[in-house]
Amino acid sequence: MKIASLLYKNNIFFRERNNENMNFNEAQLIIGFGSRELLSQDNPFNEIKIKFPNAQIALCSSAGEIFKNEVLDNTISLVALQFKSTSLETTQVRIDDYSSSFEAGKALIQNFSQENLKLIFVLSDGGKVNGSELVKGMNFLKNNEVLITGGLAGDGTKFEKTIVGLNQRPESGNIIAIGFYGDKLVLSHGSSGGWEAFGIERTITKAKANVLFEIDHKSALGIYKKYLREYADELPESALHFPLSIKLDEDQDPVVRAILSIDAENQTMTFAGDIPEGSKVRFAKANFDQLIDASTEAAISCLEMSKDKPKLAILISCVGRKILLGNRVEEEVEAVEAIFGDHTTLTGFYSYGEISPLKPLANCELHNQTMTITCINEID
């Protein structure tokens, strides 16, 4: 397995790291994360295609790009892969072609042959697609031995439009997936948020999909404003400090849900994932150190699954974490680098939702405010 990482900035390939002496003509797969403004233009895709003429190209807009141990904006972070024995399949669907995100998720999995399939890496539109329903659809049809990870595209802090593309200039409404096949693949994954639940456990009493109306029969927005006090006027951004920790099932660990927007007129709050009626929730909080420690924990989880340090680690974190950490955001990437070392190439992006199992090789879940890591290696 050969890997090269590249950074595209100001219409040129600004930096390259090619420790494996890869011949770019032999690259099989390019995965890239970049700003919507850059990816919307024809030139970046055309330049990537010229540099890697025989590769499949998967591109996704972001809320920040991870290149090595840096967090950048207004760039495209690219990783090129060449495998010795692993084979690939790719697919793309459009959300507008399906009645629901659940059906789109099912279709995505159906497009793959299942024999010897080990990993499905998913990049989805982060605005038009309901991430919770997409995950349910994928889990509905997936083989229990197949790992599914990925994330929802971002658009900085604008939350206007996200774009994704497979072998074409990225567009809104696309969902793409890459299937990895082979007995020589070594995979691991980890996820950790670092959020600490506090206060009493409450019940969701009125909600529709990812729109929350009432908690304990009271206005959810009113409860949030009570907790935020002087920061209430800064909603929805200030609510990133207090996401919801939600138990979707009694036997399942909680997941974190972040707020995307509020409707003051209707007193509703829209979250990045579903908030089912009857589910139990508590407010959550974290400090900078807890968020950074969570990145360390996610990396350690990967090593607990596979003792060998990976050649590639794809980091997908949340735009909310980036906002909260501010100028300390690179510390959570550096924390992962400290665990894996220089041998591992780091790439990734800040997203509107992270897709990863809670436990090793279990069903994937939609996360918010969480650092997720997908590690890929190929043994000789």
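This is a predicted model: local features need pLDDT of at least 70, side-chain atom pairs count only at pLDDT 80 or more; totals for chains, interfaces and linings use all residues.
View 1. Helix H2 spans residues 42–51.

**View 2. Six strands form an open sheet.** The strand order is S2-S1-S7-S3-S4-S11. Pairing within this sheet is mixed. Which are the edge strands? They are strand S2 (12–17) and S11, and each of them pairs on one side only. From one strand to the next, the twist averages 15 degrees.

**View 3. Strands S1 and S2 run antiparallel.** Strand S1 covers residues 2–9. Five bridges join S1 to S2. Look for serine 5: arginine 17 in S2 stands opposite.

**View 4. Strand S12 is largely enclosed by the rest of the structure.** S12 covers residues 174–181. How many of its residues are buried? Eight of the eight are, so the strand is largely enclosed. In a regular strand, side chains alternate between the two faces of the sheet. Both faces of S12 are covered. On one side sit Asn174, Ile176, Ile178 and Phe180, all buried. On the other sit Ile175, Ala177, Gly179 and Tyr181, also all buried.

**View 5. Strands S8 and S9 each pair with S12 in the antiparallel sense.** Strand S8 (residues 87–94) pairs with S12 over eight bridges. Here arginine 94 stands opposite asparagine 174. Strand S9 (residues 117–124) pairs with S12 over seven bridges. Isoleucine 120 stands opposite glycine 179 in S12.

**View 6. Lysine 158 forms salt bridges with glutamate 37 and aspartate 155.** For lysine 158 and glutamate 37, the closest N and O atoms are 3.2 Å apart. This pair links distant parts of the chain, 121 residues apart. Glutamate 37 belongs to helix H1 (residues 36–39). Lysine 158 belongs to the loop between strand S10 (147–152) and strand S11 (164–166). Lysine 158 is partly exposed, at 37% relative accessibility. Glutamate 37 is also partly exposed, at 39%. The salt bridge from lysine 158 to aspartate 155 has an N to O distance of 3.7 Å. Is aspartate 155 buried or exposed? Its relative accessibility is 1%, so aspartate 155 counts as buried. Salt bridges that share partners join Arg36, Glu37, Asp155, Lys158 and Glu160 into one network. The count for the model comes to 15 salt bridges.

**View 7. Aspartate 42 and arginine 169 meet in a salt bridge.** The N to O distance is 2.8 Å. Aspartate 42 lies in H2, and arginine 169 in the loop between S11 and S12, so the pair ties together parts 127 residues apart in sequence. Aspartate 42 is partly exposed, at 47% relative accessibility. Arginine 169 is partly exposed too, with a relative accessible area of 31%.

**View 8. Helices H6 and H8 cross at roughly 30 degrees.** Two packed helices are described by the angle and the distance between their axes. The axes of helix H6 (residues 288–305) and helix H8 (residues 330–340) come within 8 Å. Their crossing angle makes H6 roughly parallel to H8. The crossing is right-handed. Which residues meet? From H6 they are Leu291, Ile292, Ser295, Thr296, Ala299, Ile300, Cys302 and Leu303. From H8 they are Glu331, Glu332, Ala335, Val336, Ile339 and Phe340.

How values were computed
Residues are numbered from 1 along each chain as its sequence is written. Side-chain values use heavy atoms; hydrogens and water are left out. A salt bridge is a side-chain nitrogen of Lys or Arg within 4 Å of a carboxyl oxygen of Asp or Glu. Helices (H or I, at least four residues) and strands (E, at least two) are DSSP runs, numbered from the N terminus. Buried means under 20% relative accessible area, exposed over 50%, partly exposed in between (1.4 Å probe, protein chains only). Two strands pair if DSSP finds at least two bridges between them. Axes are lines fitted to C-alpha atoms, for helices over the stretch in contact, and angles run from 0 to 180 degrees between N-to-C directions. Angles under 35 degrees count as roughly parallel, over 145 as roughly antiparallel, 65 to 115 as roughly perpendicular and the rest as oblique. A crossing is left-handed if the near helix is turned anticlockwise from the far one by less than a right angle, and right-handed if clockwise. Contact means heavy atoms within 4.5 Å.
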